[in-house]
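Subject: Structure handover

Hi,

Here is the structure for you to look over. My notes follow below it.

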Amino acid sequence: MIFRQLLDGATSTYTYLLADPSTRAAILIDTVFEQHLRDVAILRELGLELRWTLETHVHADHVTGAWLLREATGSQITAPARAGVTGADRLLAHGDVVTCGAVALEVRETPGHTEGCVSYVLADHRMAFTGDALLIRGAGRTDFQGGDAARLFHSVREQVFSLPSTCFVYPGHDYEGRTVTTVAEERAHNPRLGDHVREQDFVGYMENLGLPHPKRMADAVPVNLACGRPKDPNAGPRTPTWGPVIRTFAGVWEVPAEWVFKHRRELHVIDVREREEVVASPLPQLHEAIVLPLSELRSKLDTVPRDRPVVLLCPAGARSAIAATILEKAGVQQVASMRGGILEWLALGFTAAELRTPA
Ligand SMILES: N[C@@H](CCC(=O)N[C@@H](CS)C(=O)NCC(=O)O)C(=O)O
Ligand SMILES: [Fe+2]
């Protein structure tokens, strides 16, 4: 199985990617709206087709990326049946199985953090995704959205701690950067829910957490109840439309050399090689390209034209990637690095002169 654990640092939320290596079909568990382009990038770079998005619950601290991903990839939105959401393609109840090629996830209702929480367990019981029911050495709070400490106690004991002791447990969040635990570890060492803790101790513990409500709760919950569909349908991180621009998992906007060639007269092309390199290099200067070396870029930001999209290039597309990031941070709206660089340009059979604009 292909497996990735992805982090949204702003909310300490984990998103899990599971995919079948032979059919390339993929599942994402608990996506984050703001991480849309990251999720699309990892799917593209690993050659995966997103089949399902899964939620462990209606989140109170962040907005799900499920709706954006369905728009972008045609994936199907699932949600726990008891979560009360509208707009899902499939509602999941206890005992249901979500399959995706050879990957199968069993649905276990684990209410208590919220009324509609579920956990997902791999069919061979090697991994469980517990959302905020069981956290590493902790448990999700139980003070809103139908939360109930006694129910959570039974959910974890009966649905998670009954799994094999070696089963890996992947939580929905970790606020200390811990990534994974096991059933045995939590049974032995979880201070709230370990085998040594009685139900009334857990309830007393949870009633006295005294946490402020999540900062984004009032905005996030209604949107999550609509599967992440924002009130403004154009909101959210989207792929630009000025060209076939993609955001890589490395976080760089890129366009293909072939497209740059065809559209070169509608762009500003900037060569970020050093000046002496442009003169001495066996790689020719593309004639209409502006030479603005990477080492000068930060101090000459105001010389970068902004009236057309800006495409950056260098020998292989490495330095131009950094340059694109610098310009993006400087507020240039339409900017991308040319994938593969001048080497790719030449490999495609284009010559240096072809960037010349006819007089
Ligand atoms: N400071 C965070 C709070 C996040 C929060 O309350 N997280 C919930 C999960 S949605 C939780 O159960 N936290 C457990 C804990 O902090 O012990 C925010 O404002 O978003
Ligand atoms: Fe939560």
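A residue counts as buried here if its relative accessible area is under 20%, with a 1.4 Å probe and protein chains only. Keep in mind that this is a predicted model.

Helix H1 first. H1 covers residues 36-45. Eight of its ten residues are buried, so the helix is largely enclosed by the rest of the structure. The buried ones are His36, Leu37, Arg38, Asp39, Val40, Ala41, Ile42 and Leu43. That list includes the charged residues Arg38 and Asp39. Just after H1 comes Gly47, with a positive phi of about 70 degrees.

Now the ligand site. Ligand 1 takes up the space of the largest pocket. Around ligand 1 are Asp61, His113, Asp132, Gly140, Arg141, His173, Tyr175, Arg192, Leu211, Pro214 and Lys215. By class, this shell has five charged, three polar and three nonpolar residues.

- Arg141: a polar side-chain atom lies 2.7 Å from a ligand oxygen.
- Lys215: here a backbone N or O atom is involved, 2.8 Å from a ligand oxygen.
- Arg192: a side-chain N or O atom is 3.5 Å from a ligand oxygen.

How much of ligand 1 does the protein bury? Taken alone, ligand 1 exposes 510 Å², and the protein buries 80% of that.

Best wishes

Technical notes
Residues numbered from 1 in each chain as written. Chains lettered and ligands numbered in written order. Heavy atoms only, no water. Near = heavy atom within 4 Å. Polar contact = N/O pair within 3.5 Å; in protein donor to acceptor, adjacent residues only side chain to side chain. Areas by Shrake-Rupley, 256 points an atom, 1.4 Å probe, with all protein chains shown as cover. 1 Å grid on protein atoms, 1.4 Å probe; cavity = no way out; pocket = protein on both sides within 12 Å on 5 of 7 lines; lining within 4 Å. Sits in = over half its atoms within 2 Å of the grid points. Buried < 20%, exposed > 50% of the residue type's maximum accessible area, 1.4 Å probe, protein only. Helix = DSSP H or I, 4+ residues; strand = E, 2+ residues; numbered from the N terminus.
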